[in-house]
Amino acid sequence: MELKDLYELMQKFRDSGLAKLEIRQADTMVRMEMPRQSERISTAKTYERAVPDQNEKISEKKAEKTDDLFIRSPIVGTFYAAPGEGMDPYVSVGDKVRKGDTLCIIEAMKMMNEISAPYDCEILEVCRENAQPTGFDDPLFKVREI
(Lines give C-alpha, C1' and ligand atoms only; values in the text may rest on other atoms or scores of the structure.)
Protein backbone atom coordinates (compact mmCIF):
# COMPACT_ATOMS: atom_id res chain seq x y z
CA MET A 1 0.00 0.00 0.00
CA GLU A 2 1.42 3.36 -1.01
CA LEU A 3 1.73 6.09 1.63
CA LYS A 4 -0.63 8.38 -0.30
CA ASP A 5 -3.21 5.57 -0.34
CA LEU A 6 -2.85 5.23 3.43
CA TYR A 7 -3.42 8.97 3.92
CA GLU A 8 -6.51 8.82 1.73
CA LEU A 9 -7.81 5.79 3.63
CA MET A 10 -7.24 7.54 6.96
CA GLN A 11 -9.19 10.60 5.79
CA LYS A 12 -12.07 8.51 4.48
CA PHE A 13 -12.16 6.51 7.74
CA ARG A 14 -12.23 9.73 9.77
CA ASP A 15 -15.13 11.07 7.66
CA SER A 16 -17.05 7.77 7.65
CA GLY A 17 -18.26 7.76 11.24
CA LEU A 18 -17.10 4.15 11.68
CA ALA A 19 -15.65 3.17 15.06
CA LYS A 20 -13.24 0.51 13.78
CA LEU A 21 -11.80 -0.57 10.45
CA GLU A 22 -9.45 -3.42 9.63
CA ILE A 23 -8.14 -4.15 6.14
CA ARG A 24 -5.93 -7.04 5.08
CA GLN A 25 -4.31 -6.94 1.67
CA ALA A 26 -1.58 -9.40 0.66
CA ASP A 27 1.04 -9.11 3.45
CA THR A 28 -0.28 -5.77 4.76
CA MET A 29 -2.79 -5.23 7.54
CA VAL A 30 -4.16 -1.82 8.56
CA ARG A 31 -6.34 -1.32 11.63
CA MET A 32 -7.93 2.00 12.61
CA GLU A 33 -10.03 2.84 15.64
CA MET A 34 -11.76 6.06 16.62
CA PRO A 35 -11.64 7.12 20.27
CA ARG A 36 -14.72 6.41 22.38
CA GLN A 37 -17.15 9.31 22.91
CA SER A 38 -15.70 10.16 26.36
CA GLU A 39 -12.19 10.33 24.86
CA ARG A 40 -13.50 12.58 22.05
CA ILE A 41 -14.99 15.01 24.58
CA SER A 42 -11.74 15.11 26.54
CA THR A 43 -9.77 15.63 23.33
CA ALA A 44 -12.15 18.38 22.22
CA LYS A 45 -11.70 20.26 25.51
CA THR A 46 -7.93 19.93 25.25
CA TYR A 47 -8.14 21.15 21.66
CA GLU A 48 -10.27 24.15 22.68
CA ARG A 49 -7.66 25.14 25.29
CA ALA A 50 -4.87 24.65 22.76
CA VAL A 51 -6.52 26.85 20.13
CA PRO A 52 -6.46 30.06 22.24
CA ASP A 53 -2.88 29.27 23.29
CA GLN A 54 -1.90 28.74 19.67
CA ASN A 55 -3.68 31.93 18.57
CA GLU A 56 -1.67 33.88 21.17
CA LYS A 57 1.58 32.40 19.89
CA ILE A 58 0.62 33.14 16.28
CA SER A 59 -0.20 36.76 17.03
CA GLU A 60 3.10 37.15 18.91
CA LYS A 61 5.03 35.78 15.94
CA LYS A 62 2.91 37.40 13.24
CA ALA A 63 5.69 39.82 12.31
CA GLU A 64 8.19 36.96 11.99
CA LYS A 65 8.15 35.09 8.70
CA THR A 66 9.29 31.49 8.76
CA ASP A 67 10.03 29.19 5.89
CA ASP A 68 10.41 26.13 8.13
CA LEU A 69 9.35 22.88 6.53
CA PHE A 70 8.76 19.73 8.51
CA ILE A 71 8.49 16.13 7.47
CA ARG A 72 5.74 14.79 9.71
CA SER A 73 4.75 11.37 10.92
CA PRO A 74 2.07 9.74 8.76
CA ILE A 75 1.17 7.29 11.54
CA VAL A 76 1.24 6.73 15.29
CA GLY A 77 4.11 4.53 16.38
CA THR A 78 7.70 4.41 17.59
CA PHE A 79 10.39 6.45 15.80
CA TYR A 80 13.66 4.70 14.94
CA ALA A 81 16.49 6.80 13.50
CA ALA A 82 18.59 3.78 12.45
CA PRO A 83 17.92 0.39 10.84
CA GLY A 84 19.07 -1.41 13.98
CA GLU A 85 20.54 -1.01 17.45
CA GLY A 86 24.12 0.27 17.36
CA MET A 87 23.90 1.19 13.68
CA ASP A 88 24.37 4.65 12.15
CA PRO A 89 21.19 6.72 11.71
CA TYR A 90 19.66 6.98 8.26
CA VAL A 91 20.18 10.76 8.28
CA SER A 92 21.86 13.40 10.44
CA VAL A 93 21.71 17.18 10.64
CA GLY A 94 23.35 18.68 7.57
CA ASP A 95 22.70 15.67 5.33
CA LYS A 96 21.30 16.37 1.88
CA VAL A 97 18.81 13.70 0.82
CA ARG A 98 17.03 12.93 -2.40
CA LYS A 99 13.34 12.29 -2.88
CA GLY A 100 12.63 8.68 -1.89
CA ASP A 101 15.66 8.27 0.41
CA THR A 102 14.80 6.55 3.70
CA LEU A 103 14.83 8.99 6.62
CA CYS A 104 13.69 6.76 9.48
CA ILE A 105 11.45 3.88 10.46
CA ILE A 106 8.21 4.10 12.40
CA GLU A 107 7.09 0.88 14.03
CA ALA A 108 3.33 0.56 14.28
CA MET A 109 1.56 -2.61 15.34
CA LYS A 110 4.72 -4.72 14.88
CA MET A 111 5.15 -3.43 11.32
CA MET A 112 8.24 -1.45 10.33
CA ASN A 113 7.30 1.46 8.06
CA GLU A 114 10.09 3.24 6.19
CA ILE A 115 9.54 6.99 5.99
CA SER A 116 11.01 8.44 2.80
CA ALA A 117 11.91 11.99 1.81
CA PRO A 118 8.99 13.51 -0.13
CA TYR A 119 11.40 15.80 -2.02
CA ASP A 120 15.10 16.68 -2.24
CA CYS A 121 16.02 18.44 1.01
CA GLU A 122 18.63 19.20 3.63
CA ILE A 123 18.09 17.95 7.20
CA LEU A 124 18.15 20.94 9.56
CA GLU A 125 16.96 19.18 12.71
CA VAL A 126 15.95 15.70 13.85
CA CYS A 127 12.88 16.37 16.01
CA ARG A 128 12.60 12.94 17.70
CA GLU A 129 14.90 10.84 19.85
CA ASN A 130 15.53 7.23 18.84
CA ALA A 131 12.85 4.80 20.12
CA GLN A 132 10.58 7.71 21.09
CA PRO A 133 6.81 7.42 20.57
CA THR A 134 5.39 9.64 17.87
CA GLY A 135 1.84 10.65 17.05
CA PHE A 136 0.12 11.25 13.75
CA ASP A 137 1.39 14.50 12.17
CA ASP A 138 4.14 15.02 14.77
CA PRO A 139 7.24 16.65 13.25
CA LEU A 140 10.05 14.18 12.58
CA PHE A 141 12.53 16.38 10.70
CA LYS A 142 12.93 20.09 10.09
CA VAL A 143 14.17 20.47 6.51
CA ARG A 144 14.96 22.94 3.78
CA GLU A 145 13.88 21.97 0.27
CA ILE A 146 16.71 21.98 -2.28
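Buried means under 20% relative accessible area, exposed means over 50%, and partly exposed sits in between (1.4 Å probe, protein chains only). Keep that handy for this tour of the salt bridges. This is a predicted model, where local features need pLDDT of at least 70 and side-chain atom pairs count only at pLDDT 80 or more, while totals for chains, interfaces and linings use all residues. Residues are numbered from 1 along each chain as its sequence is written, and side-chain values use heavy atoms, leaving out hydrogens and water.

- Side chains of opposite charge can pair when their charged atoms come close.
- You'll find four salt bridges here (a side-chain nitrogen of Lys or Arg within 4 Å of a carboxyl oxygen of Asp or Glu).

- Glutamate 122 pairs with arginine 144, their closest N and O atoms being 2.9 Å apart.
- That pair links strand 8 to strand 10 (residues 139-145), 22 residues apart; strands are DSSP runs of E, at least two residues, numbered from the N terminus.
- Lysine 96 also pairs with glutamate 122, with the closest N and O atoms 4.0 Å apart.
- Glutamate 122 is buried at 14% relative accessibility, arginine 144 is partly exposed at 44%, and lysine 96 is exposed at 58%.

**Another pair**
- Aspartate 120 forms a salt bridge with arginine 98, the closest N and O atoms being 2.8 Å apart.
- Both sit in loops, so the pair ties together parts 22 residues apart in sequence.
- Aspartate 120 is partly exposed at 22%, and arginine 98 is exposed at 54%.

Technical notes: Helices (H or I, at least four residues) and strands (E, at least two) are DSSP runs, numbered from the N terminus.
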